[in-house]
Amino acid sequence: MTDYRQQLSTLRDGIDEIDTQLVDLLARRSALTTKVGEVKAQAGMPVYVPERERSLIESRRQEARQTGVSPDLVEDLLRRIMRESYHTQNNRYRCINPAIGRVVVIGGEGALGSVLVGLFERSDYQVDIVEEPHWQDGRAAEVLKTADVVIVAVPINVTESVIAQLSMLPAHCVLADITSIKAKPLAAMMKVHSGPVVGLHPMFGPDAPGMIKQVVVVCDGRDEAAYAWLLDQMRIWGASIHHSTADEHDQAMAYIQVMRHFNTFVYGQHLREENPDLETLTVFSSPIYRLELAMVGRLFAQAPELYADIIFNNPDNVALLRRFHRRFGLALDMLERGDKRDFIKQFLTAGAWFGSYAKTCLVDSKQLLLKADDGHLLRK
């Protein structure tokens with residue numbers, strides 16, 4: 001009689017042995033990538049090199065095909081491993097501009113401000129932090145008078161008032177902000193400071209470990225040559241730089257941030273008033289709906305002041321949201337009429353507007369859904 005239990009035990013022992021070898025290989029790979037990071041720091045090379053990553057993944061995919069292993073599986077594993085390795089490489093960075101004597105981050109103890117402080121410090125810049133008490137005890141004026149770079153990293157609702165106090169900056173000082181709106185802060189900086197001015201918007205949250213593979217929007221203000229080194233430093237940190245006008249940026253943010261945040265806020269409020277059981281919702285949700293529900297929950301786990309500032313900042317946001325409200329009403333009227341034909345017609349029209357991007361989203365989102373379906377991820 002065949003002893004299946006013994007067979008399974010032997011096979012599982014073999015799997016355990018291979019898994020142990022995988023852990024050892026990952027440790028060896030991590031040690032190598034750490035050394036790679038040290039070499040890059042000394043040479044001033046960026047942590048993230050897109051061409052190298054693409055070449056590596058394609059080579060491993062080809063090897064996977066030749067050995068009968070799923071190329072998608074290999075790519076998925078490699079991307080996860082490389083994401084980890086990027087973070088083992090970023091302990092130190094090369095200082096692009098050693099002539100910079102003092103970097104001041106106003107709001108450097110805040111969530112995103114502290115990320116910037118860490119990046120500058122790991123690049124061997126002298127960094128000073130200015131917080132609200134320092135304006136009263138005189139420390140703010142002391143450090144700002146001798147600053148070479150000042151970055152304003154405070155909440156939106158106080159950004160312009162903080163900028164208005166910066167008339168003491170040296171003429172050569174680079175003044176920048178990292179607010180998620182750009183037109184008003186940029187105008188305020190141009191008014192108060194006669195030297196180099198630039199508006200920055202790091203397109204990531206404070207939970208990101210750094211700038212690797214992250215986009216930083218740059219809105220040029222004055223004397224671009226004087227802060228070109230700062231953009232190069234961010235590239236060393238792994239950032240992708242995207243230039244934009246302040247108006248173009250703010251118009252895009254109305255769709256990317258304001259509409260999504262306000263819509264999520266209303267949906268969350270609606271759920272609260274309807275009061276369904278959250279655990280039941282997650283149990284009955286497929287991965288895509290768990291992801292969507294998770295994005296709603298994520299909003300309400302954060303500071304309401306942040307989202308209030310984003311949504312209430314620009315009066316033009318009201319008109320945009322009114323148009324959305326009107327279109328929602330028209331869609332509801334269509335539903336009440338039972339007009340499926342019109343629904344399908346409008347669906348196809350919107351799909352044509354998205355074009356090939358819709359197909360790309362369909363393919364790429366499958367990877368997200370597979371991760372969301374692992375274990376009890378995103379279940380209550």
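**Sheet, cores and helix packing in a predicted model**

In this predicted model, seven strands form an open sheet of mixed pairing, in the order β2-β1-β3-β4-β5-β6-β7. Two strands are taken to pair if DSSP finds at least two bridges between them; helices (H or I, at least four residues) and strands (E, at least two) are DSSP runs numbered from the N terminus. The edge strands, each pairing on one side only, are β2 (127-130) and β7 (240-243). On average, and with direction ignored, neighbouring strands of the sheet are turned by 25° against each other. Strand β6 (residues 215-222) and β7 run parallel and are joined by four bridges; Val217 has His242 as its bridge partner in β7. Helix α8 (residues 183-192) packs on the sheet, where it touches β4 (174-177), β5 (197-202) and β6, and its direction makes about 155° with that of β5. Contact denotes heavy atoms within 4.5 Å. Axes are lines fitted to C-alpha atoms, for helices over the stretch in contact, and angles run from 0 to 180 degrees between N-to-C directions.

Residues are numbered from 1 along each chain as its sequence is written. Local features need pLDDT of at least 70 and side-chain atom pairs count only at pLDDT 80 or more, while totals for chains, interfaces and linings use all residues; side-chain values use heavy atoms, with hydrogens and water left out.

The chain contains 16 helices and seven strands, and its C-alpha atoms fill a box of roughly 90 × 65 × 40 Å along the principal axes. Of its 380 residues, 36% count as buried (buried, under 20% relative accessible area; exposed, over 50%; partly exposed, in between; 1.4 Å probe, protein chains only). Among contacts with a separation of 6 or more, 68% are between residues 24 or more positions apart.

The largest nonpolar core comprises 44 residues, of which Val103, Phe120, Tyr125, Leu200, Met211 and Met234 touch the most other members. Helix α4 (residues 111-121) gives the most to this core, with six residues. Another core, of 24 residues, lies apart from it and includes Leu186, Met189, Val192 and Val197. A nonpolar core is a set of buried Ala, Val, Leu, Ile, Met, Phe, Trp, Tyr and Cys residues joined through side-chain atoms within 4.5 Å. Beyond its neighbours within four places in sequence, Tyr125 is in contact with Cys95, Ile96, Asn97, Ile100, Val103, Phe120, Trp229 and Gln233. Ser114 also lies in helix α4 and counts as partly exposed because its relative accessibility is 34%. Glu53, in helix α2 (residues 50-67), counts as buried, at 6% relative accessibility. Residues up to four places away in sequence not counted, Glu53 touches Tyr48, Arg79, Met82, Tyr86 and Lys213.

The axes of α10 and α12 come within 10 Å and cross at roughly 95°; the two helices are therefore roughly perpendicular to each other (under 35 degrees, roughly parallel; over 145, roughly antiparallel; 65 to 115, roughly perpendicular; the rest, oblique). Here His261, Thr264, Phe265, Tyr267, Gly268, Gln269 and Leu271 of α10 meet Leu293, Met295, Val296, Leu299 and Phe300 of α12. In helix α13 (residues 304-312) the buried residues are Tyr307, Asp309, Ile310 and Ile311. Their cover includes α7 (156-163), α10 (246-274), α12 (287-300) and α14 (316-337).
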